[in-house]
Every structure is written in C-alpha cells, then in structure tokens.
Amino acid sequence: IVKPGEKIPLDGVIIEGTTMLDTKALTGESVPVEVKKDDEVLSGSINESGKILVRVSKEYGESTVSKILDLVENASSKKSKSENFITKFAKYYTPTVVIIAVILAIVPPFIFKETSFTEWFYRALSFLVVSCPCALVISIPLSFFGGIGGASKMGILIKGSNYLEALASTEIAVFDKTGTLTKGVFEVQKIETNNIDKDELLEIAAYAENYSNHPIAKSIKTAYKKEIDTNRIKNIKEISGHGISVTIDDKNVLIGNEKLMEENKIQYTKSEDIGTILYIAVNKEYKGLIIISDEIKEDSLGLVKNLKNLGVKKTVMLTGDKKTVGEDVGEKLRLDEVYTELLPDGKVEKVKKLMQEKTEKGKLVFVGDGINDSPVLAMSDIGIAMGALGSDAAIEAADVVIMTDEPSKIGDAISLSRKTMKIVKENIVFAIAIKILFLVLTAIGLSTMWEAVFADVGVSIIAIINALRMLKVKKLKILT
C-alpha cells in the first residue's frame, strides 16, 4: 500500500486505485503523471493524491533506483583525474639540482687549481638556496585554493583543484531541463476567454479546483490570491483522466482536458500552446482556457550566449519531459541540440555519444539536479549540481555544486577556472625563468647568497601576491 505523500519503494504494477505520480526526480517530467489499475510504476516516484495498492514486479537489486545507484558507482570508477604538474616536476627536479650542487662543490676545485674548495662550496650552497622550489610549491596550490575560495564567495562549491583545472577546457555543456534551466514550479502562463472576464474565469477555475491537491490546482489557487468561500461549491465530482465537474452558485462547471469537452459535446477552441491546458465550460457553454507550465529561469536566458563567448562549442539539453515542451525550451534558450523523453539510462547513452565528439583535451560538463541526473553527473568530465533544490544523490555525485540554483554561475565557474589557470601558468613561467637565470649566474660565480635568497624568498612572495588575485572575482554579465 502506498499512501499519498509516500515514495514508491519498489518497481511494480498497480492492482487497485488511481493517483497522480510525481516522477520529476526520475524522468525529469515536470507534469505529474496519472496512473491507474494495471499501470507500471517506478521506485522513487512520489504518490501525490490517491491511495494505491502495488504488486511488486522487481526485487530491490533490479529496481529503477538500484540501477541508478549502480550507474553512479560504475561511472565514478571510470573517471580520470588530471595529475598535478608539481608532483611530476619535483620527481625529476629535486634529485637533479641536489646532484648538480654536489658536483659543483667537489669537481671544479680539482679542475681549476687557482680557486679554493671554500669558494666552490659557497657557490654550491647558493645554488641549493636558489633551486629551492618554494615559489612553485606554495604559489601554485595557493592559486587553486584562491580560485576555489573565490568561487565559494560566488556560491559555487568546487570539490577539488583538478575539477577547477578541468573546467577551463570545457567544450560541450549538457543540461537537464526541470529545476536546472526551468524553475520546476507550475505557474499560470496564459488565460484566454470567450464572452467572460479573465478575472471571473480565474475565479471559476480556483473554486472548481479548491479541494484538489494536484500541483496544477495549487498553481491556479496561487494565481487567484483571494479567499475561497466554500459555501458556493457543491456536487464535486472528479472524472478520472478528464477533469472536474462541480456546481458553483448553481452553475454547472466543467474544467479539464480536451476529452472532457468532447465527451460532453461542448464546442471549444483547441489551443496549440505548449503546457498543461485546462478548458472551462459553464452550463455546457465554453468560456475559455488556462495554460499552466513550468517557467524558464530568467537567469537561463543569457546562459548560452555567455558560454559561446567563453568558447564552448556545443550546448545540449537532455530531459525526460515531452517532446513539445523540451523543444520549446530549447528554442527559447537557443540550444544547439535537444533530446526529450529520456529515462536515466537514456541520458547516460546520449552523454557517452557526446563524449566521443569532444577533442582529446576538451571536457564535457553536465548540469543537473535530480536523482535521475546522478549517473550522468558522475560519468561526465565535470558534473555540476544545482544545490539549493537538487537531490542529495545529485549533489553527492557532482564535482561542482551551485548553491544559488542560478545557471549563469556555470559561465562564472568556467571564467574563474580560466583566470586561475592563467595565474598558475604565470607563476610557473615566472618562477622557473628566474630560477634558471640565477642558477646559471650562481654556478659561474656572478651571484652572491643575497641574490640567491631573493631568487628563493623574493620570487615566492611575488608569486603568492599574484596568486591572491584569485580572491577578487567578478560575476559575468548576463547577456540576452
């Protein structure tokens, strides 16, 4: 038995009852799905309205939620991480300079008889002071820490310097729809009337939907904003799969989908708009319609333009939502490709194909927020989760978490990553160039211990000051 508000624990088939299921976390479909007897239901779906009796069809190990967790674990094990430059460099650099210093102290006194052992020993010590890799060892990790700290000030949590480094090479950006590019909240988008005032039509709809717990009913009541006098409402009858029949002030009101209008032989104007459409008739006369849909985040509108300006070659949206809804969002946001009606394993397959399209050094970023996104977040080069509304599984699987749920922060993260890498390269080139110069000068006797101290401590301080620039970060302007 699964009661209203409970999650379906295992995959199964309904043997009794009808209800509306919230499958947003699994499929990304924003509109709740109506299910009845003999319909299959997936584990992880939330029962929104009626009590249902479900016969389990799969064991836990074979259930949808279990498969998603398995995909996450397998994807995580395949992920490669960039090796740290300093570790590689130190492996060869440290023994090399120590050997050169020993040779510098011992060999020249035997070759150049006119110079003393003390003079060459002094040069060897100066050589060791100059060669100390403090500037690299301190300033480069500090640049990454500065980058991670600067990102956190903007509400972007990056789980490691390797992910910050990888973001700079982003070539393909892939997005989930519901809760990522859209708000994941239903709102009344449009009201069309036929011989009636808009406010009056909205009032009739709010009264008709007063006793319903459906998200669509809630959005109508939110739009109405006034108190509802329940004494005006009588004879409520919910017609499964069609809508509601109700008496308001002795007027018979029908509110629901096309099937309801056709079954009651009401002449109505069919809408081609995208979203959930409620047709309303009073005393068998068509009075208008209300369109309810998930709204695109204002912050999403300039996202693609910002990413293109940053050199991202392709933007893609993957969603479990219907084709018409997904394509409408893709068109409004000017995305390069849109794939709809995908289950979690379908998203994984699409991302695998997209991974083959990028160059060897390029990276694929996936942005999502639901349980269904966690396998893709784990298998992509960089997974970005929406942290404020995102599921725990998505946040756990992601490499970067955006705490404010603003998609524009993706552009900020890439921009900040590139600034970090620029500072890291500046520090590497500056420190190595100064080191080589003073190592040569020290070896031939043109540099003293004071110059050696500057080449070590002075260069370190300059590199650290340069790295601290990462703490001053600016948010990108949202382009439209």
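Are helices α5 and α16 roughly parallel or antiparallel to each other? They are roughly parallel, because their axes meet at an angle of about 10°. Keep in mind as you look around that this is a predicted model. The protein has 480 residues, with 16 helices and 19 strands.

**The protein as a whole**

- Of the 480 residues, 50% count as buried.
- The accessible surface comes to about 23900 Å², and carbon and sulfur atoms hold 57% of that area.
- Among contacts with a separation of 6 or more, 64% are between residues 24 or more positions apart.

**Helix α5 with helix α16**

- A handy way to describe two packed helices is to give the angle between their axes and the distance between the axes.
- For α5 and α16 (residues 449-467), the angle is about 10° and the axes are 8 Å apart.
- On the α5 side, the contact is made by Cys134, Ala135, Ile138, Ser139, Leu142 and Ser143.
- On the α16 side, Asp456, Val459, Ser460, Ala463, Ile464 and Ala467 take part.
- Sorted by class, the contact of α5 with α16 has eight nonpolar, three polar and one charged residues.

**Helix α5 with helix α15**

- Helix α5 (residues 134-153) also packs with helix α15 (residues 409-443), at an angle of about 170° and with the axes 10 Å apart.
- Because of that angle, α5 is roughly antiparallel to α15.
- The crossing of α5 past α15 is right-handed.
- From α5, the residues in this contact include Leu136, Ile140, Phe144 and Gly147.
- From α15, they include Leu416, Met421, Val424 and Ile428.
- This contact of α5 with α15 has 12 nonpolar, six polar and no charged residues.

**Helix α15 with helix α16**

- The axes of α15 and α16 come within 10 Å and cross at roughly 175°.
- Angles over 145 degrees count as roughly antiparallel, and therefore α15 and α16 are described as roughly antiparallel to each other.
- Among the α15 residues that make the contact are Ile423, Phe430, Ile434 and Phe438.
- Among those of α16 are Phe454, Val459, Ile462 and Ala467.
- By class, the contact of α15 with α16 divides into 11 nonpolar, two polar and four charged residues.

- Serine 126 lies in helix α4 (residues 117-131).
- With a relative accessible area of 1%, serine 126 is buried, since the cut-off for buried is under 20%.
- Leaving aside neighbours within four places in sequence, serine 126 is in contact with Thr442, Thr448, Met449 and Ala452.
- Histidine 242 sits in the loop between β10 (233-239) and β11 (243-248).
- Histidine 242 is also buried, because its relative accessible area is 18%.
- Not counting residues up to four places away in sequence, histidine 242 touches Gly256, Asn257, Lys259, Leu260 and Glu263.
- Leucine 310 is in the loop between α10 (303-309) and β15 (314-318).
- Leucine 310 counts as buried because its relative accessibility is 17%.
- The C-alpha atoms of leucine 310 and aspartate 412 are separated by 9.9 Å, although the two residues are 102 residues apart along the chain.

How values were computed:
Residues numbered from 1 in each chain as written. Predicted model: local features only at pLDDT ≥ 70, side-chain atom pairs only at ≥ 80, totals over all residues. Heavy atoms only, no water. Helix = DSSP H or I, 4+ residues; strand = E, 2+ residues; numbered from the N terminus. Buried < 20%, exposed > 50% of the residue type's maximum accessible area, 1.4 Å probe, protein only. Contact = heavy atoms within 4.5 Å. Axes fitted to C-alpha atoms, helices over the stretch in contact; angles between N-to-C directions. Parallel < 35°, antiparallel > 145°, perpendicular 65-115°, else oblique. Left-handed = near helix turned anticlockwise from the far one by under 90°. Nonpolar A, V, L, I, M, F, W, Y, C, P; charged D, E, K, R; others polar. Areas by Shrake-Rupley, 256 points an atom, 1.4 Å probe, with all protein chains shown as cover.
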